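Open the model in your viewer and keep the selection panel at hand. The tour below goes stop by stop.

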Amino acid sequence: MAVLKGQTGRKFTNWAKTYSCEPELYFEPTTTEEIRQILDEARRLVKHVKVCGFGHSPSDIACTSDYMISMANYKQVLEVDQKNCTVTVQSGILLTDLNEVLPKHNIALSNLGAVSELSVAGVISTGTHGTGKNFGIFATHVLELTMMTASGEVLRLSRQENEDLFLAAVVSLGSLGIILTVKIQCEPAFNLHNVQFSCSLGKVLSNLDDHLDNNEHFKFFWYPYTDGVVAIQQNRTTKPVQTSSSWVWDYFVGYYMLEFLLWLSTFCSAILPYINKFYYKYIYAAPVEEVNRSDKVFNFECLFKQYVTEWSVPRNKTANVLLSLQEWVKSHPEHKVHFPVEVRFVRSDDIYLSPCYQQDNCYINIISYRPYGKDTPKDAWWDAYESIMLKFGGKPHWAKAHKVTPEQFQKLYPKFSEFCAIREQLDPQGMFLNPYLERHILGKTPQTEFAVDSRL
């Protein structure tokens, strides 16, 4: 049997171009046996191994200087069960590809986040989510998975088989092993009725429970330097597809002109509040109503390269956090911030490293664009945001860059110690560790840094 050869000289860079690394060897396996061969070689030579998907995570969670495995060619759809609305796939398949396969069988994923250029393994391993009071993170839709451990053993995990390992593995940051296959619970294909309207931040907060109770999927965007939000309601419908778009407003003004204006603001930050106010009033506050296939409504344009961070807090702290953020912006005019602040809602679960473990959560996301690749000052805003989130019991999204230590995670996650014990059991030599995991799981100071921007 031919042995899979790794490539030298390959550079991995995440989507936002904020982190990159040059692994010693880069592999693109197509079979389970080839993955086992890579682990055998890594074990023999005492090398670390990290798996990468599409690279959308805005952190160094996938970076390594040893062996990197891209699962881009490990992407087959293994089984579609239309009767029970399930699909079993190899872990490297992108959601964007799965979204095109499932409609042919008249089924669909029940919930999605903003983008689908993500691998299935990456989505579940980092606790990625959409929005909806009665919808959990994506990993809650996983029925079963198979995972190869550092020893080359393949484990089958589900709530019926190895439940403790399953609840640790579905959100495991790539630290327990390599996820090979995933069985996902879907539902009959559906269209979504998307209604977008503007109102004040105070009004949406005072009516938040009604919005969440009366809509399957609800989220909103707050625009700093205004009191305005854009609220979005999404509900299943039998209505036919009905959409409208304008290249001038959606792309020329909403993309190209915005990037140019944000680039200008890097030379004169005083114009940034006026940019926020203009785009809220004249572009985003206009009412919108459309019907489209579910994934096309869940996903939206994330614009250009950016720094982004996102934390979750108990849902009943939503107003406390947003009003604190608003007050900070008002009281610190010397520090300018970008729009929008995205607010979403996720149901509790029992997954060990899920930010929603035994807790209904609100996720709040802030952003700092990099127009034409140019960085903008953000450290003061980032630090204030993290401080406010920690004050109200917040937890960072695992895929995002953050400064939280294992000691803090110990207090935030009741099952953190159990997860660490399982990691030590499955990977005693630390094959799947990298600097991100050393910092946030083991509490070590890594010798290698991968940030493109040294200020991170």
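Helices (H or I, at least four residues) and strands (E, at least two) are DSSP runs, numbered from the N terminus. This is a predicted model, where local features need pLDDT of at least 70, side-chain atom pairs need pLDDT 80 or more, and totals for chains, interfaces and linings use all residues. Residue numbers start from 1 along each chain as its sequence is written, and side-chain values use heavy atoms, without hydrogens or water.

**Stop 1: helix α7**

Select residues 247-265, helix α7, and find Phe 252 there. Phe 252 is partly exposed, at 41% relative accessibility (buried is under 20%, exposed over 50%, partly exposed in between; 1.4 Å probe, protein chains only).

**Stop 2**

Select strand β6 (residues 77-81) and strand β7 (residues 86-90): they run antiparallel, joined by 4 bridges (pairing takes at least two DSSP bridges). Val 77 sits opposite Val 89 in β7. Between the strands are 4 residues, and Cys 85 in this hairpin has a positive phi near 55°.

**Stop 3: a salt-bridge network**

Now show Glu 310, Glu 342, Arg 344 and Lys 400, a network of salt bridges (a Lys or Arg side-chain nitrogen within 4 Å of an Asp or Glu carboxyl oxygen). Arg 344 meets Glu 310 at 3.0 Å, N to O. Arg 344 lies in strand β18 and Glu 310 in strand β17, so this pair ties together parts 34 residues apart in sequence. Glu 310 also bridges to Lys 400, with the closest N and O atoms 3.7 Å apart. Glu 310 is buried at 1% relative accessible area; Lys 400 is buried at 11%.
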